[in-house]
Amino acid sequence: MKILVAVKRVIDYNVKVRVKADHSDVDLTNVKMAINPFCEIAVEEAVRLKEKGVATEIVVVSLGTKECQEQIRTALALGADRGIQVETDENPGSLSVAKLLKAIVDEEKPDLVILGKQSIDSDNNQTGQMLAALSGLPQGTFASEVTIEDGKASVTREVDGGLQTVSLSLPAIVTTDLRLNEPRYASLPNIMKAKRKPLDVKTPADLGVEVTSSLNTLKVEPPAERSAGIRVGSVDELIEKLKTEAKVI
Ligand code: AMP
């Protein structure tokens, strides 16, 4: 069984994001970048399926500038077998990403495609769904458990108000939620080994896809600063302030 995992390069989740002085975008100068956390969970799930003997090959794909090869190498160090970078600009937009991933799915013919449920930079939560629609494959989004049996994927989904389990015939698309697993760290020997694993570079033209963006960012602003809290001397004072200042009771 072949698994394709899509990983996105994003700002490391520990970094305090800064906005460019002209408010045109987030400032990425000298900022630590990493694999999107939900994509790390996707890689981990694929590696676990390989360790269980369910999967035989894991292919990792990332779309972006040459720098996203760093995140592909990290995924290779975590246990993926080979990588594909599709060279695009920094932010190709979800529909173009989904079209490019569909072209890769058509070429690679994986049995399972695992994506993150959302990118922590753009918070779109739509690429997996778009890919499923474009390729006509069944989808199990927000997965907190995945089991493969008899050519089917059983996916437990985290939905509002509880859990829903769906059975998908393979090939299928799964997007990962936070509780699916806890990703491992790459060991130094595996980081070294990953440097020798194959990594192909393709262009959108190779895949017959035209990258267009239907989204134009008008302005980026940081969230409003929160004002500092205060200490109150007694419960009575607290109630008084909630009534007269915060006006919430
Ligand atoms: P989004 O719809 O942007 O929130 O992203 C959901 C998932 O789609 C991510 O977790 C990735 O698995 C995949 N994805 C989005 N953008 C890219 C990209 N540039 N390269 C590879 N995978 C991506």
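I began at Glu 87, which is partly exposed with a relative accessible area of 33%. The model is a predicted one, and I read every value below with that in mind. I placed Glu 87 in strand S5, which covers residues 82-87.

Next I went to helix H2, residues 69-78. Is H2 enclosed or open? Seven of its 10 residues are buried, so I noted H2 as largely enclosed by the rest of the structure. I listed the buried residues as Gln 69, Gln 71, Ile 72, Ala 75, Leu 76, Ala 77 and Leu 78. After H2 comes Gly 79, and I recorded its phi as positive, near 135°.

Last, I took the totals for the protein chain. I counted six helices and 11 strands. Of the 249 residues, 41% are buried. The C-alpha atoms fill a box of roughly 65 × 45 × 40 Å along the principal axes. I noted an accessible surface of about 14300 Å², with 50% of it belonging to carbon and sulfur atoms.

For contacts between residues at least 6 apart in sequence, I found that 69% join residues at least 24 apart. I also checked the charges: there are 32 positive and 37 negative ones, and their mean positions lie 3 Å apart.

Conventions
Residues are numbered from 1 along each chain as its sequence is written. This is a predicted model: local features need pLDDT of at least 70, side-chain atom pairs count only at pLDDT 80 or more; totals for chains, interfaces and linings use all residues. Side-chain values use heavy atoms; hydrogens and water are left out. Helices (H or I, at least four residues) and strands (E, at least two) are DSSP runs, numbered from the N terminus. Buried means under 20% relative accessible area, exposed over 50%, partly exposed in between (1.4 Å probe, protein chains only). Contact means heavy atoms within 4.5 Å. Accessible areas come from the Shrake-Rupley method with a 1.4 Å probe; for residues, only the protein chains shown count as cover. Lys and Arg count as positive and Asp and Glu as negative; His and the chain ends are not counted. The place of a charge is taken as NZ of Lys, CZ of Arg, CG of Asp or CD of Glu.
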